[in-house]
Amino acid sequence: MSPVQTAVSRAALDIPAYSPSGNECALFESAWVRQLPLLLKGPTGCGKTRFVSHMAAKLGLPLSTVSCHDDLAAADLTGRYLLKGGDTVWVDGPLTRAVRNGGVCYLDEIVEARKDVAVVLHPLTDDRRMLPLERTGELLEAPSSFMLIVSYNPGYQNLLKSLKPSTRQRFVAIEFDFLPRNEEITVVSQESGLLESQVAPLVNLAQRLRALKGHDLEEGVSTRLLVYCASLIDAGMPVRDAVRAAMIEPLTDEPDVRAALLEVAGSLIA
């Protein structure tokens, strides 16, 4: 193998595996070329974060991922003054670093963050592509190598936590869902090492449990949990124990609901 082929092979190995379900890869590349912000929406564990990691690596872009939470404020993204060695110095946050240096800034579950975060993002998501830093008096212009991506799970939206239409309409959006049965079997098998014939009943169970979303469950079994379950089985754990640990217990704390889910699992898993 030539040095060039070796380098290409090594680069390919560094790209996280991802199985496209539509034209999302082409849409990402078009958004990148046109410097458009991207919104990913879909259920927990369906591959949104893996998709971003895959595309950033494929395009050779630095990636900064921020997992949003209730206490995440705009200052956590932009930066703040800190004491260092007796001096007060400005320290950039992950969003500011990405704007200064280029690359992808990915805000996962954006609706979990405080409301002032959206205000900071607005100037970056229109034709201005600017980041005002009020505390330093700077007005940073995002380079062509900068891309902003946010994600959220519409299934968790309520009156208190929702993405305003004025914010949603600043992004190009891609909707994600779980892969079709046969494709999900292949992905879970590849990720866990478990044979596809052994993975198939797990996927069948996951699809059955997902149908209960909105009734007894707030969320269905994610592909991530399927991989965890299959990995436990591949490591030698009995199927029933692995299913309970990775596909039942994470979904609910209610004893009655858990018992019902275990009954469903028992009817589908030999």
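D126 is partly exposed, with a relative accessible area of 22%. By that label I mean between two limits: buried is under 20% relative accessible area and exposed is over 50%, using a 1.4 Å probe and protein chains only. R128 falls into the partly exposed class too, at 46%. The side chains of these two, D126 and R128, meet in a salt bridge, 2.7 Å from N to O. A salt bridge here is a side-chain nitrogen of Lys or Arg within 4 Å of a carboxyl oxygen of Asp or Glu.

Hello everyone, and here is some background before we go on. This is a predicted model, in which local features need pLDDT of at least 70 and side-chain atom pairs count only at pLDDT 80 or more, while totals for chains, interfaces and linings use all residues. Residues are numbered from 1 along each chain as its sequence is written, and side-chain values use heavy atoms, with hydrogens and water left out.

How confident is the predictor? Its score, pLDDT, runs from 0 to 100 for each residue. The mean for the protein chain is 89, and 92% of the residues reach 70 or more. Confidence is highest in strand β5, residues 103-108, at 97, and lowest in helix α1, residues 3-13, at a mean of 41. Helices (H or I, at least four residues) and strands (E, at least two) are DSSP runs, numbered from the N terminus. Over residues 1-12 the pLDDT stays under 50, and the model has 2 contacts there beyond four places in sequence. A contact means heavy atoms within 4.5 Å. Where pLDDT is low, the predicted coordinates should not be read in detail.

Back to the charged pairs. The salt bridge count comes to 10. One of them joins the side chains of R50 and E191, at 3.0 Å from N to O. R50 lies in helix α3 (residues 48-58) and E191 in helix α8, so this pair ties together parts that are 141 residues apart in sequence. Both count as partly exposed, R50 at 34% and E191 at 35%.

Now compare R210 and E184: are they buried or exposed? R210 is buried at 15%, and E184 is buried at 0%. Their closest N and O atoms are 2.8 Å apart, forming another salt bridge. R210 sits in α9 and E184 in α8, so the pair links parts 26 residues apart in sequence.

Let's stay with helix α8, residues 181-192. Its 12 residues reach 16 Å from first C-alpha to last, close to the 16 Å expected at 1.5 Å a residue; the expected span is 1.5 Å times one less than the number of residues. Its buried residues are E184, I185, V187, V188, S189 and S192. What covers them includes α9 (196-210) and α10. After the helix comes G193, with a positive phi near 90°.

On to α10, residues 223-234, where we find T223. T223 is buried, at 11%. Leaving out residues up to four places away in sequence, T223 touches G45, F178, E184, V188 and R210.

Finally, the largest pocket has a volume of about 610 Å³. Of its 27 lining residues, those closest to the centre are G45, C46, G47, R50 and T223. The elements giving two or more residues to this lining are α3, α8 and α10, and α10 gives the most, with 4 residues. A pocket is an open set of points on a 1 Å grid over the protein atoms alone, where a 1.4 Å probe fits, with protein on both sides within 12 Å along at least five of seven lines; lining residues have an atom within 4 Å of a point. Grid points are joined across faces, edges and corners, and the volume is the space filled by probe spheres set on them.

Methods: pLDDT is the predictor's confidence in each residue, from 0 to 100.
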